[in-house]
Amino acid sequence: MRGCVRAAPGWGGWRDPARMAGEEQVYLSVVRQDILKYDMMVKSLVQEIRELDGSQADLDDIGSLVRSRIAQLREQIEELKRLAQEEDNEDERCQLAEEAARSEKMLQDDHRAFRNALLAAQLTINQRSKDELLSKQPAEGEGEGSVRQRRTRELLLRDSSRLSEDLLTVTRLIQDNVQKSAHTVDTLVEGSQSLTSTHEELKTMGSVISQARKILNKYGRRENTDKLLIFLGLVFFLASCLVVVRNRFIF
């Protein structure tokens, strides 16, 4: 893992590799803790939205806070991805990539839960406002009361129509975001599978290279043995020739 911790000045600019590895592990642990912390905060705020019994302003405040926490969570997940890409060890790189993919899916689930809770709370607030408006009775005479009631109905119809249009727009946005999220998750899963398959292929290639090295060493030893046997045969042949020549000259 490179580039995770700043290099502190020291004698000759040298740093202990073991110390650097320890600092990198501490930084990785902090990133993981931040991911869990922001995820729990988002889930807690989404639950507040589900149980909200306040006004539109209260809903807007909580929604803004949720968006801020989701942005912080996304930053920490991106940091985890960067650490995975800079990891030197193949096994740890694959593990960090899979962990980042799981965190990304968790973020998409939190975002989806937030949108659903926000939509439900918006519907509840609008329905409450409509009920309050309908429950108001005019204090004036019957004729003026009829006019006011008719105007109230027209306002309600316009509000209902506008609310229906808003809901359709929100529904389309949710569908688009869900499709994008599904595509992102599929891409992350495919990337994780590609990393895993690459790791297995590298292991297989390593074993093949090791077997080839053993075979080459074996053939190298056999070549040396063949040379020795040829040399001994040649010596034996020359000795035999010398013996034959010597016997002919003597006799």
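In which helix is the place of Ser103? Ser103 belongs to helix 3 (residues 90-135), where helices are DSSP runs of H or I with at least four residues, numbered from the N terminus. This is a predicted model, in which local features need pLDDT of at least 70, side-chain atom pairs count only at pLDDT 80 or more, and totals for chains, interfaces and linings use all residues. Residues are numbered from 1 along each chain as its sequence is written, and side-chain values use heavy atoms, with hydrogens and water left out.

**Confidence**
- The chain has a mean pLDDT of 77, and 79% of its residues reach 70 or more; pLDDT is the predictor's confidence in each residue, from 0 to 100.
- Over residues 137-143, pLDDT stays under 50, and the model has 2 contacts beyond four places in sequence for them, a contact being heavy atoms within 4.5 Å.

**Surroundings of Ser103**
- Ser103 is buried at 8% relative accessibility; buried means under 20% relative accessible area, exposed over 50%, and partly exposed in between (1.4 Å probe, protein chains only).
- Leaving aside residues up to four places away in sequence, Ser103 touches Ile35, Ile77 and Leu80.

**Salt bridges**
- The whole structure holds 11 salt bridges, each defined as a side-chain nitrogen of Lys or Arg within 4 Å of a carboxyl oxygen of Asp or Glu.
- Lys81 and Glu104 form one of them (3.4 Å, N to O).
- This pair links distant parts of the chain, with Lys81 in helix 2 and Glu104 in helix 3, 23 residues apart.
- Glu104 is buried at 8%, whereas Lys81 is partly exposed at 21%.
- Asp39 and Lys43 meet at 2.6 Å, N to O, and both lie in helix 1 (residues 17-50), 4 residues apart, about one turn of the helix.
- A network of salt bridges links Asp39, Lys43 and Asp110.

**Nonpolar surface patch**
- Leu228, Leu229, Phe231, Leu232 and Val235 make a nonpolar surface patch of about 490 Å².
- Patches consist of residues with over 30% relative accessible area and no salt bridge, like charges being joined within 9 Å and nonpolar side chains (Val, Leu, Ile, Met, Phe, Trp, Tyr) within 5 Å; accessible areas come from the Shrake-Rupley method with a 1.4 Å probe, and for residues only the protein chains shown count as cover.
- Leu232 lies in helix 4 (residues 142-250) and is partly exposed at 47%.

Notes
Helix = DSSP H or I, 4+ residues; strand = E, 2+ residues; numbered from the N terminus.
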